[in-house]
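I opened the file today and worked through one chain. My notes follow in the order I looked things up.

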Amino acid sequence: MFSQGFLTSQLEKAIGWARKYSLFQYPFVTACCGMEYMATAASHYDLDRFGAGFPRFSPRQADVLFVVGTINHKMAPILHTVYEQMCEPKWVIAFGVCTCTGGFYDNYATVQGIDTIIPVDIYIPGCPPRPETVLDGLMKLQERIQQSRQEF
Amino acid sequence: MAEDSLTLTRLRDKFAANILETHSFRGDDTAVIQPEAIVAVATCLKNDPDLDYDFLMDLTAVDCLNLGTAHRFEVVYHFFSLSKKHRIRIKVPLSGKGPELDSIASLWAGADWYEREVWDMFGVKFRGHPNLKRILMYEEFEGHPLRKDYPISKRQPLVGPGSPSQTPSK
């Protein structure tokens, strides 16, 4: 393929390829899942292999919002604001069962799934999820990014 | 029954009229006192050189709604003396309608946040508290979630479905 010195692709596919391998994440860490997030991000499991090794601590510079840990009703408006501050295109990963459904916190304080506040692309259940599960979720997100229509 | 500890004896000497009940179990002393006497008792515990309770370890409350008691709430204080190495638990029964109690935040600064928490969770008002507002829940929250008559899964969201503003999420 390379013997002739060029290769062809569709612009949309090329952009999708670029986007899925340069995910700047914003970790919104509130609880114990953060430990598992750190274990996944650090060198042993190495999120950098997937092009997502660069956490940004401003939502304005991030592509994917990792919501890691229990979200309560007092925190919900803050999460909503953080999501609104992110630039398009943006994706959201619900990390851990608390963010997916509220988990076992069926009480006055806890949001029963962050998808009641912001749209979610990938749900990673588990209490906490194993790093392998997180990486699987991340790869599913990459697939989704590659297959979606690219706005640019 | 073993003889009473120094603290219980001292309290009984000074506040005989205000003590409703005392008991000791395996070295843990408890005194149940009338609500009116809390500041006087706390002052004595702190300032009496033999007692020297310099550390307020905990201040919380119990909702006795289904426990068959005459009172609705109990406010519970745990004091410890770092120099004398002894501790005491003080309980104060309160009625259910507008429970109020004098603040001890002027004696132990640490009582400030504890009393705000008890106000937030149980709705017990502390008279003379410098800044009695919610500490854990948000200002918009109505009611007191650790009261037994607060519905167990009643939620008061600020955003999303069920919130006052009904902020669109998508």
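**Elements.** I started by counting secondary structure in chain B and found 3 helices and 7 strands. I kept in mind that this is a predicted model. Next I read the elements of chain B from the N terminus on, and they run α-β-β-α-β-β-β-β-α-β.

**Overall dimensions.** I looked up the box around the C-alpha atoms of chain B. Along the principal axes it is roughly 65 × 35 × 25 Å.

**Burial and contacts.** How many of the residues of chain B count as buried? I noted 28% of 170. Then I checked contacts in chain B with a separation of 6 or more, and 46% of these come from residues 24 or more positions apart.

**The sheet.** I traced an open sheet of 5 strands in chain B. I wrote down its order as β1-β2-β5-β4-β3, and its pairing is mixed. Which strands sit at the edges? I found β1 (19-25) and β3 (55-63) of chain B there, each pairing on one side only. From one strand to the next, I noted a twist that averages 20 degrees.

**One strand pair.** I then took β2 and β5 of chain B by themselves. Strand β2 covers residues 28-33, and strand β5 covers residues 87-94. Do they run parallel or antiparallel? I have them as parallel, over 4 bridges.

Definitions and conventions: Residues are numbered from 1 along each chain as its sequence is written. Chains are lettered from A and ligands numbered from 1 in the order in which they are written. This is a predicted model: local features need pLDDT of at least 70, side-chain atom pairs count only at pLDDT 80 or more; totals for chains, interfaces and linings use all residues. Helices (H or I, at least four residues) and strands (E, at least two) are DSSP runs, numbered from the N terminus. A residue is buried if 20 or more other C-beta atoms lie within 10 Å of its own, exposed if 12 or fewer, and partly exposed in between; C-beta atoms are placed from the backbone. Two residues are in contact if their C-beta atoms, placed from the backbone, lie within 7 Å. Two strands pair if DSSP finds at least two bridges between them. Axes are lines fitted to C-alpha atoms, for helices over the stretch in contact, and angles run from 0 to 180 degrees between N-to-C directions.
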